[in-house]
Amino acid sequence: MFPGSEQLRREADKCVKCGLCAPHCPTYLLEANENESPRGRIALMQGLASGQLSATPALHAHLQHCLTCRACERACPAGVRFAPMLDKTRDVLRRSHPPGWQERFGLWWVAHRRLWGGFTHLIQLLRAIGLLNILQQSRIFYRLGLTSLQRLVDLVPPRQPNPRVINVTSAHRQGRVALFTGCMGQVLDSAGVAAARRLLNRLGYEVVIPSAQTCCGALHQHNGDTATALQLAKQNVACFEQLQVDAILYLASGCGAQLSEYASLPWEDGHLQTQAETLIQKFNDATSFINTALTQPKIKLRPLNARVAVHESCTQRNVLHNTTNTYALLQHIAEITLTPLPSNAQCCGAAGSYLLTQAARANALREKKIAPWLQDPTDFIVSNNAGCRIHLAEAVKANSPDVEVLHPLELLERQLEID
Ligand code: SF4
Ligand code: SF4
C-alpha cells in the first residue's frame with residue numbers, strides 16, 4: 001500500500017483480463033511471457049497496490065521493460081488507461097529502488113537544457129577535428145561502463161545553428177509562432193528545426209525559439225520522476241504563457257504527447273493548472289500547422305520522384321491520434337510516392353530513454369521493425385519523432401547507407417523553390 005494506491009487499484013479494476021491488448025504489445029510479442037504483457041503488468045501493479053506482492057527484482061524488471069508505447073490503451077475495449085498507472089507505480093518504485101547513477105545523472109542533465117548545448121558543441125568540435133571517429137572506434141565509453149553515453153555519442157547527428165528570432169522576409173505577413181524545441185530539439189533535431197523555421201518564414205510567419213523553455217518532462221514522467229516532470233512543466237508554462245504568439249509548435253511527437261497532457265499533472269496550484277490548460281490550446285504539431293498553411297499556394301515546391309516510407313510514431317498513433325498529418329504534408333510534393341513504414345503499429349524500441357537504458361531490447365525491437373522494410377527499401381524514411389528517427393537511422397545506415405531518415409519538414413523544405 002502507498003499514497004495513491006487506492007486510485008491505482010480503481011483504474012486497474014477496469015481491466016477485465018480479456019487479453020485483447022496482448023497481440024498489440026511489443027514486449028509480449030518479443031517473449032510471449034504474460035508478465036511482459038499489459039494484462040500481466042496490470043496484475044503486477046494491482047498486487048503491489050494491494051500489498052499482496054512485494055517489489056522483487058523480477059517484478060521491477062517486468063515493469064521497467066514496458067516501453068510506455070500505449071498500444072495497449074489503443075486496443076483496450078474497456079478504456080483502461082495504462083500509462084498513468086505505470087507512471088504512478090514507477091514513481092513509487094523509484095523511491096524504494098533508486099535507479100543507478102547513470103540514469104539519475106541523465107535525467108538531471110536533460111532537465112538542464114544549456115548543458116545539452118555544451119555537450120553538442122563538444123561533439124561537433126570532436127567531429128570537426130576527427131577525434132570523434134577515434135573515440136567511437138575505440139568504444140572507450142563502453143570500456144568505462146558508460147554505455148548510455150557511448151550510445152548517445154554514436155547517435156547525435158551534426159548540428160545546424162538556429163537563431164532565436166527569425167523575422168519574416170516574405171511580403172505577406174501571416175503571424176508569429178513559437179517553436180517548442182524542449183531539451184533535445186536543438187541537439188537531435190537541429191536540421192528539422194532549421195527546416196521548420198525556413199518554411200514558416202517563407203509562409204509569412206515570424207518564428208521565435210525562446211531560450212527560457214526547457215524539457216517537456218516526458219522522460220522524467222515515464223521514468224517515475226513526477227516531481228521533476230511537474231517542475232519542468234511549470235517552467236515551460238511560465239516561459240510560453242507570456243509570449244504573444246498565435247501558436248506554439250512542436251516538432252517531436254513525443255514532446256507533443258507530454259505537452260497535450262500537461263493538465264493531468266499533479267498541479268498543487270489551481271491558477272497554474274488553469275494557465276497550463278489555456279496554454280495547451282496553443283500547442284500544435286508543426287507538421288499539421290505547416291500543412292494547413294500550405295493550402296494557400298504561396299510557395300512553390302519542386303517535384304520529387306522518390307518513394308518515401310512514413311514512420312508513424314507511437315505517440316502519434318496512440319496519444320495524439322494524428323497519423324495523417326505527415327501524409328497530407330508531403331502530398332504537396334508532386335510525383336512523390338508515400339507508403340506507410342511496414343510494422344507501423346509496433347514500437348521501434350526508441351521509447352524515450354529506452355534506447356539507452358534497455359539497449360539490447362531496443363535493438364531487438366528495431367530489427368523486427370525494419371526487417372519487412374529491408375525486403376523492399378524506399379528512397380527515404382520520414383519520422384516526426386527525433387528519438388525514433390536517430391534509432392531507426394542507425395540501423396538503416398548499416399544496411400542501406402544511401403537511404404536518409406529525415407523529419408518530414410526537412411524533406412519538404414528541400415523541395416522549396418528559390419524565390
Ligand atoms: S484489453 Fe484492456 S481490459 Fe483487456 S486485458 Fe488488456 S488492459 Fe485489460
Ligand atoms: S505500453 Fe506498450 S510495451 Fe507497455 S504494456 Fe502497453 S503495449 Fe506493452
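Here are some friendly notes on this predicted model, point by point.

1. First, how to read the labels: residues count from 1 along each chain as its sequence is written, while chains are lettered from A and ligands numbered from 1 in the order in which they are written. Because this is a predicted model, local features need pLDDT of at least 70 and side-chain atom pairs count only at pLDDT 80 or more, whereas totals for chains, interfaces and linings use all residues.

2. Let us start with the domains, whose bounds come from an automatic or database domain assignment. The chain splits into domain 1 (5-96), domain 2 (101-155), domain 3 (165-289) and domain 4 (299-414). Between the C-alpha centres of domain 1 and domain 3 there are 30 Å. Even so, 6 residues of domain 1 are in contact with 6 residues of domain 3 (contact is when C-beta atoms, placed from the backbone, lie within 7 Å).

3. Next, look at ligand 2. There are 14 residues around it, of which C25, P38, C66, C69 and C72 come nearest (a residue is near if its C-beta atom, placed from the backbone, lies within 6 Å). Helix 2 (26-31), helix 3 (38-50) and helix 5 (71-75) each give two or more residues to this shell (helices are DSSP runs of H or I, at least four residues, numbered from the N terminus). By class, the shell has 9 nonpolar, 3 polar and 2 charged residues.

4. Most residues other than glycine have a negative phi. K17, in the loop between helix 1 (5-12) and helix 2, has a positive phi near 60°. K17 counts as exposed because it has 10 C-beta neighbours inside 10 Å. H321, in the loop between helix 19 (314-320) and helix 20 (324-330), has a positive phi of about 50°.

5. Finally, the largest nonpolar core has 99 residues, and A196 and V308 have the most contacts inside it (such a core joins buried Ala, Val, Leu, Ile, Met, Phe, Trp, Tyr and Cys residues through C-beta atoms within 7 Å). Leaving aside residues up to four places away in sequence, V308 touches several residues, including L330, I336, F380 and L411.

Conventions
Nonpolar A, V, L, I, M, F, W, Y, C, P; charged D, E, K, R; others polar. Contact = placed C-beta atoms within 7 Å. Buried ≥ 20, exposed ≤ 12 C-beta atoms within 10 Å, placed from the backbone.
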